[in-house]
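Hello,

Here is the structure we talked about passing on. Please look it over, then read the notes below.

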Amino acid sequence: GAMEDKRNIPIIEWEHLDKRKFYLLGICMTMMIRVSVYPFTLIRTRLQVQKGKSLYNGTFDAFVKILRTEGASGLYRGFLVNTFTLISGQCYVTTYELTRKYVARYNNNNAVKSLVAGGSASLVAQSITVPIDVISQHLMMQRKGESMGRFKVQNPSGKRFLVFGQTKDIIVQIFQADGFRGFYRGYVASLLTYIPNSAVWWPFYHFYAGDQIPHSAVWWPFYHFYAATASTLTNPMDVIRARVQVEGRSSIVQTLRQLLAEEGPWGLTKGLSARIISSTPSTIVIVVGYETLKKLSLRPELVDSRHW
């Protein structure tokens, strides 16, 4: 379309990439972001689940208290299990790119391609992510000697080095309580949180990711704003998702009603600032990183021909 003609840089499509390089660089980049924002993911989940302000007054307060009572490792509970969601990230990107290719046969409009591909990618990714989320959230809920969720990790000997011991413990408990379905608690709430976000994000991204933009500082506040807006709009659903998963409820509506009854409309903003902190760097890195990653992963024979 007219958009593409104005640019000297074509959109890098899937077939131009050296896949091995792409996945490897992608994983390294993602791990770096994850390590830096994980504590805020944990804090966000605890804030969303706590009753009122029974434990923490807010993001900073939670950070200090967890650090003081549980040490740095307390901020990384469930991190290793959570790392498995990297697989879903790779599946997300692959589904996104392949769906774009498929849709292109019927409709070459960039917005349409991005919308459909973004939605599908999110569906696939959430199907892999939800069980991992359920498990890692129960691990995030473990505090010294007690739990904020419905399951408590048995750790009689206090052996710290049993890496996946607690995880196995939680998996067994979820399975005993709910069977296989237990791992898909909050699946619908997750889809309602992430599919709209993902479907809207990509057309927006392709619209703005001209060659000059991702690298110009002018757009940074704009990305921040986008990330913050998206987080704010999807936060109510995210709070409900966390509660459904941690407290083992089955009804979204019932959970919403109870939250509103106990904490009023403000209850829907629980964990929001921690959520913005954990999603903004990711959004920016995705914007700048995804294009850069694609450029770095170009198949060698295409590099010269493209005049970057």
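**Salt bridges, helices and cores**

Lysine 51 has a relative accessibility of 44%, so it counts as partly exposed. Keep in mind throughout that this is a predicted model.

Which residue does lysine 51 pair with? Its side chain meets that of glutamate 262 in a salt bridge, at 3.9 Å from N to O. Lysine 51 sits in the loop between helix 2 (19-49) and helix 3 (59-74), while glutamate 262 belongs to helix 10 (residues 252-263), so the pair ties together parts that are 211 residues apart in sequence. Glutamate 262 is partly exposed too, with a relative accessible area of 41%. In general, side chains of opposite charge can pair when their charged atoms come close.

The search of the whole structure finds 14 salt bridges. Two more deserve a look.

- Aspartate 238 and arginine 241 meet through their side chains at 2.9 Å, N to O. They are three residues apart in helix 9, so about one helical turn separates them. Aspartate 238 is at 0% relative accessibility and counts as buried. Arginine 241 is at 1% and also counts as buried. Salt bridges with shared partners join Arg44, Asp133, Asp238, Arg241 and Arg275 into one network.
- Lysine 270 forms a salt bridge with glutamate 263, with 2.8 Å between the closest N and O atoms. Both lysine 270 and glutamate 263 are buried.

Now the nonpolar cores. The largest has 18 residues. Those with the most contacts inside it are Leu17, Phe22, Tyr92, Val93, Tyr96, Trp202 and Tyr290. Two or more residues come from each of helix 5 (85-104), helix 6 (110-140), helix 8 (187-208), helix 9 (220-247) and helix 11 (272-296). Apart from this core lies another, of 16 residues, with Leu42, Met141, Met148 and Val246 among them.

One record entry is worth checking against the model. UniProt lists residues 22-43 as "transmembrane region", in an unreviewed entry. In the model, residues 22-43 are 100% helix and 0% strand. The end C-alpha atoms of that stretch are 31 Å apart.

Last, isoleucine 171. Where is isoleucine 171 placed? It is in helix 7 (residues 165-178). Its relative accessibility is 32%, so isoleucine 171 counts as partly exposed. Not counting residues up to four places away in sequence, isoleucine 171 touches Ile135 and Phe183. The C-alpha atoms of isoleucine 171 and valine 134 are separated by 9.4 Å, with the two residues 37 apart along the chain.

Best wishes

Terms used
Residues are numbered from 1 along each chain as its sequence is written. This is a predicted model: local features need pLDDT of at least 70, side-chain atom pairs count only at pLDDT 80 or more; totals for chains, interfaces and linings use all residues. Side-chain values use heavy atoms; hydrogens and water are left out. A nonpolar core is a set of buried Ala, Val, Leu, Ile, Met, Phe, Trp, Tyr and Cys residues joined through side-chain atoms within 4.5 Å. Buried means under 20% relative accessible area, exposed over 50%, partly exposed in between (1.4 Å probe, protein chains only). Helices (H or I, at least four residues) and strands (E, at least two) are DSSP runs, numbered from the N terminus. UniProt positions are given in the numbering used here, feature names are shortened, and annotations may be inferred rather than shown by experiment. A salt bridge is a side-chain nitrogen of Lys or Arg within 4 Å of a carboxyl oxygen of Asp or Glu. Contact means heavy atoms within 4.5 Å.
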